[in-house]
Amino acid sequence: ALVFVLLAGVVVLFVLRFVRDILWGLYAATTRGAGGIVPLLVGWAFGILQLAIIVRVITSWMGGSHTAVGRFAHLLTEWFLRPLRSVIPAFGGIDLSPLIAWFALSLLQGMVFKAL
């Protein structure tokens, strides 16, 4: 039960951060005009990928990988996780590729936003 509460808390915090970033991005895009749209869309793309990774991990733990949400998360993330899985071996039967993908997306997002 404690693990479920912790996971639910992490998901709630991520969703709240995601909504905050969407609202802040919309505000920033409207104040900067057309030049603010590109960073907004790039930020949304990174956020959706990170959210899909979290959903994929949680649905795999709960046996919901074959639900519509689980299949959609799989569709969004498999192109990114498959190459990582071929390079990173499973550690004691645990797939670490979603964790590595999460950190890689965070680093890539930082680099992209510095370039914008």
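Is Trp 24 buried or exposed, and at what relative accessibility? Trp 24 counts as exposed, at 57% relative accessibility. Here buried is under 20% relative accessible area, exposed is over 50%, and partly exposed lies in between (1.4 Å probe, protein chains only).

The model is predicted: local features need pLDDT of at least 70, side-chain atom pairs count only at pLDDT 80 or more, and totals for chains, interfaces and linings use all residues. Residues are numbered from 1 along each chain as its sequence is written, and side-chain values use heavy atoms, with hydrogens and water left out.

**View 1. Trp 24 and Tyr 27 form a tilted aromatic pair.** Rings of Phe, Tyr and Trp (its six-membered ring) pair if their centres lie within 6.5 Å; planes under 30 degrees apart count as stacked, over 60 as edge-to-face, and the rest as tilted. The count by this rule is two aromatic pairs. For Trp 24 and Tyr 27, the ring centres are 5.5 Å apart and the planes stand at 40°, so the pair is tilted. Both residues lie in helix H1 (residues 2–32), three residues apart, or about one helical turn. Helices are DSSP runs (H or I, at least four residues), numbered from the N terminus. Tyr 27 counts as partly exposed, at 48% relative accessibility.

**View 2. Trp 79 and Phe 80 make a tilted aromatic pair.** Centre to centre, the distance is 5.3 Å. The planes are 55° apart. Phe 80 is buried, with a relative accessible area of 18%.

**View 3. Glu 78 meets Arg 56 in a salt bridge.** A salt bridge is a side-chain nitrogen of Lys or Arg within 4 Å of a carboxyl oxygen of Asp or Glu. Four salt bridges are counted by this rule. Between Glu 78 and Arg 56, the N to O distance is 2.7 Å. Glu 78 lies in helix H3 (residues 68–87) and Arg 56 in helix H2 (residues 37–62), so the pair ties together parts that are 22 residues apart in sequence. Both Glu 78 and Arg 56 are buried. For Glu 78, the relative accessibility is 10%.

**View 4. Glu 78 also meets Arg 82 in a salt bridge.** The N to O distance is 3.4 Å. Both residues lie in helix H3, four residues apart, about one turn of the helix. An α-helix has 3.6 residues a turn, so residues three or four places apart point the same way. Arg 82 counts as exposed, at 53% relative accessibility.

**View 5. Arg 85 and Asp 95 meet in a salt bridge.** N to O, the distance is 3.2 Å. Arg 85 lies in helix H3 and Asp 95 in the loop between H3 and helix H4 (97–115), so the pair ties together parts that are 10 residues apart in sequence. Arg 85 is partly exposed, with a relative accessible area of 31%. Asp 95 is partly exposed too, at 35%. Salt bridges that share partners join Arg 56, Glu 78, Arg 82, Arg 85 and Asp 95 into one network.

**View 6. Helix H4 has its buried residues on one face.** In H4, Ser 97, Pro 98, Ala 101, Leu 105 and Gln 109 are buried. Seen down the axis of H4, these residues fall within an arc of 110°, so they line one face of the helix. The arc is that of the directions from the helix axis to the C-beta atoms. The buried residues of H4 pack against H2 and H3, where contact means heavy atoms within 4.5 Å. On the other side of H4, Leu 107, Met 111 and Lys 114 are exposed.

Key:
Helices (H or I, at least four residues) and strands (E, at least two) are DSSP runs, numbered from the N terminus.
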